[in-house]
Amino acid sequence: MRPKSTALALPLAAALTLAAAPALAQQQPTPPGEDPARVEEARARYREGLQLFQRRQYAEATVAFERSFRLRPHPFTLYSAAEARMRAG
């Protein structure tokens with residue numbers, strides 16, 4: 001692969017990963033013992049982060065993803081926060 005195509009492939013892979021995450025999260029039921037309101041708040045903050053990320057508001061997306069992660073740690077959320085933070089500089 002040429003360097004230019006690699007530079008295009010990485011953002012595309014990140015965007016596809018971020019786009020797939022909410023669908024996966026929404027399919028999963030609330031785990032036993034977890035507060036449903038807390039889980040829903042975490043999901044809402046994650047969706048907020050996705051919207052901000054798609055509008056290229058990376059600093060704000062980072063905050064939303066990190067709030068979601070504090071409410072309910074999840075690997076997709078951690079990856080999304082890291083990707084947004086990296087793009088925010």
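Trainee: Okay, and where do the numbers come from?
Mentor: This is a predicted model, where local features need pLDDT of at least 70, side-chain atom pairs count only at pLDDT 80 or more, and totals for chains, interfaces and linings use all residues. Residues are numbered from 1 along each chain as its sequence is written, and side-chain values use heavy atoms, with hydrogens and water left out.

Trainee: What's the mean pLDDT of the protein chain?
Mentor: The mean is 82, and 69% of the residues reach 70 or more. pLDDT is the predictor's confidence in each residue, from 0 to 100.

Trainee: Which element has the lowest mean pLDDT, and which the highest?
Mentor: Helix α1 (residues 3–27) is the lowest at 56, and helix α3 (residues 58–71) is the highest at 97.

Trainee: How many helices and strands are there?
Mentor: Four helices and zero strands. Those are DSSP runs numbered from the N terminus: H or I with at least four residues for helices, E with at least two for strands.

Trainee: At what angle do α2 and α3 cross?
Mentor: Roughly 165 degrees, and the axes of helix α2 (residues 36–54) and α3 come within 8 Å. That makes α2 roughly antiparallel to α3; angles under 35 degrees count as roughly parallel, over 145 as roughly antiparallel, 65 to 115 as roughly perpendicular and the rest as oblique. Axes here are lines fitted to C-alpha atoms, for helices over the stretch in contact, and angles run from 0 to 180 degrees between N-to-C directions.

Trainee: And how do α3 and α4 pack?
Mentor: Helix α4 (residues 75–88) packs on α3 at about 155 degrees, with the axes 8 Å apart. So α3 is roughly antiparallel to α4 as well.

Trainee: What is Leu71 in contact with, leaving aside neighbours within four places in sequence?
Mentor: Arg38, Glu41, Ala42 and Arg45, where contact means heavy atoms within 4.5 Å. Leu71 and Val39 are also 7.2 Å apart in space, C-alpha to C-alpha, while being 32 residues apart in sequence.
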